[in-house]
Amino acid sequence: MIPGFTDHQTDNLGYSMGGEGPPLLLLHGFPQTRAMWAHIAPELARSHTVICPDLPGYGASAKPGSLDAYSFRAMAREMAGLMDSLGHDRFDLIGHDRGARVAHRLALDAGHRVLSLVLMDIIPTHTLLSDLRWPVAQSYYHWFFLAQPYPFPDRMIEADPDAFFHACLLGWGGAQLADFDADQLAQYRAAWRDPDTIRGMCNDYRATLARDMADDSADADACIACPTLVLYGAQGAMARHYDVPAAWAPKCRHMQAQAVPGGHFFPDTNPTATCTALQPFLDARAR
């Protein structure tokens, strides 16, 4: 799945691991799997032990029925538990999209464990939902479609999952289907054609409205303590609708921010530029 990495399976999580050095946890986004790191993880593994799990509900990980399992808090605990099982008490953390939201929650709930944090192409969940503007709602309509009660969105997506998820890959700026690696895209398709995965991804978004908004409202003034790098797609929807660095500045004690050429899926479509943006930040942490 990731060149040079070994694949593993626990009772709840599928993950890939490779490299040597300080532990680094990579969390993918929607509608991907850990395959999104195929061109990034091997580069980072030159200096780190890199762990790439599938989030709950995605890829080879379990698809629980309870919404409680899909809150960012519950998924953060699941990721921390994986790192415990591998013997890593403290680690660096990178997340994209939904993975970045899990990473944000992990850094708030278990900040003593996160040495550094990279958040890719999100603004805080509470900011997005509490001050929702119509252009954002138009771009991010899927948040509310996927959150509808089972089985309405699930069944509609099952009718043609490739059509729906391709539209997601292309709908948030700066990409066309040919920009995605063919092997990675094939792995995404294999995952999202599974009805249980569709249900799991819908449950992820259902939990945001049912669970995460309350958690994030309670922590609206909380700050990330560790060094934080905010990366965002220069041609993406978030950059069009928000000042991304300004949205994160009040929530981070030590923040850097940088635009990366591409849209929301710049780690897929521009992995070289993504690695170039990541490496100095990780190198500074290693010194």
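1. Let me start with threonine 208. Leaving aside its neighbours within four places in sequence, threonine 208 is in contact with Phe72, Arg98, Thr125, Leu129, Trp143 and Met213. The residue sits in helix H10, which covers residues 195-218. Its relative accessible area is 0%, so threonine 208 is buried. Please keep in mind, here and below, that this is a predicted model.

2. Now for the chain as a whole. There are 14 helices and 8 strands in it. The C-alpha trace spans about 50 × 40 × 35 Å along its principal axes. For 287 residues, a compact globule would have a radius of gyration near 19 Å, and the value of 17 Å for the chain agrees with that.

3. Burial and contacts can be read alongside those dimensions. Of the 287 residues, 55% count as buried. The accessible surface comes to about 10900 Å², and carbon and sulfur atoms account for 52% of it. Taking contacts between residues at least 6 apart in sequence, 78% join residues at least 24 apart.

4. The sheet deserves a look of its own. It is open, has 8 strands with mixed pairing, and runs in the order S1-S2-S4-S3-S5-S6-S7-S8. Which strands stand at the edges? They are S1 (6-9) and S8 (252-260); each has a single partner strand, so one side of each is left without a neighbour in the sheet. From one strand to the next, the twist averages 20°.

5. Of the 10 residues of S7, 8 are buried, so the strand is largely enclosed by the rest of the structure.

6. On the nonpolar core: the largest one holds 87 residues, and Phe30, Trp37, Ile94 and Leu278 touch the most other members. Nonpolar side chains tend to be buried together in soluble globular proteins. Not counting residues up to four places away in sequence, leucine 278 touches Ile40, Leu44, Ile94, Val118, Met120, Leu229 and Leu231.

7. Two cis peptide bonds are worth checking by eye. One runs from phenylalanine 30 to proline 31, with omega near 0°. Proline 31 is in the loop between strand S3 (23-27) and helix H1 (41-44), and Phe30 is among the core residues with the most contacts to other members. The other cis bond runs from tyrosine 150 to proline 151, with omega near 10°. Proline 151 lies in the loop between helix H6 (142-146) and helix H7 (152-158).

8. Where do the aspartates with positive phi sit? Aspartate 97 has a phi of about 55° although it is not a glycine, and its place is the loop between strand S5 (91-96) and helix H3 (98-109). At 7% relative accessibility, aspartate 97 counts as buried. Aspartate 121 has a phi near 55°, also a positive value in a residue other than glycine, and is found in the loop between S6 and helix H4 (125-130). With a relative accessible area of 2%, aspartate 121 is buried.

9. A last stop is alanine 191, in helix H9 (residues 182-192). Is this residue buried or exposed? At 13% relative accessibility, alanine 191 counts as buried. Not counting residues up to four places away in sequence, alanine 191 touches Thr33, Gly59 and Thr197. Its C-alpha atom is separated by 19 Å from that of methionine 75, a residue 116 places away along the chain.

Technical notes
Residues numbered from 1 in each chain as written. Predicted model: local features only at pLDDT ≥ 70, side-chain atom pairs only at ≥ 80, totals over all residues. Heavy atoms only, no water. Pairing = 2+ DSSP bridges. Helix = DSSP H or I, 4+ residues; strand = E, 2+ residues; numbered from the N terminus. Axes fitted to C-alpha atoms, helices over the stretch in contact; angles between N-to-C directions. Core = buried A, V, L, I, M, F, W, Y, C linked by side-chain atoms within 4.5 Å. Buried < 20%, exposed > 50% of the residue type's maximum accessible area, 1.4 Å probe, protein only. Contact = heavy atoms within 4.5 Å. Rg over C-alpha atoms; globule rule 2.2 N^0.38 Å. Areas by Shrake-Rupley, 256 points an atom, 1.4 Å probe, with all protein chains shown as cover.
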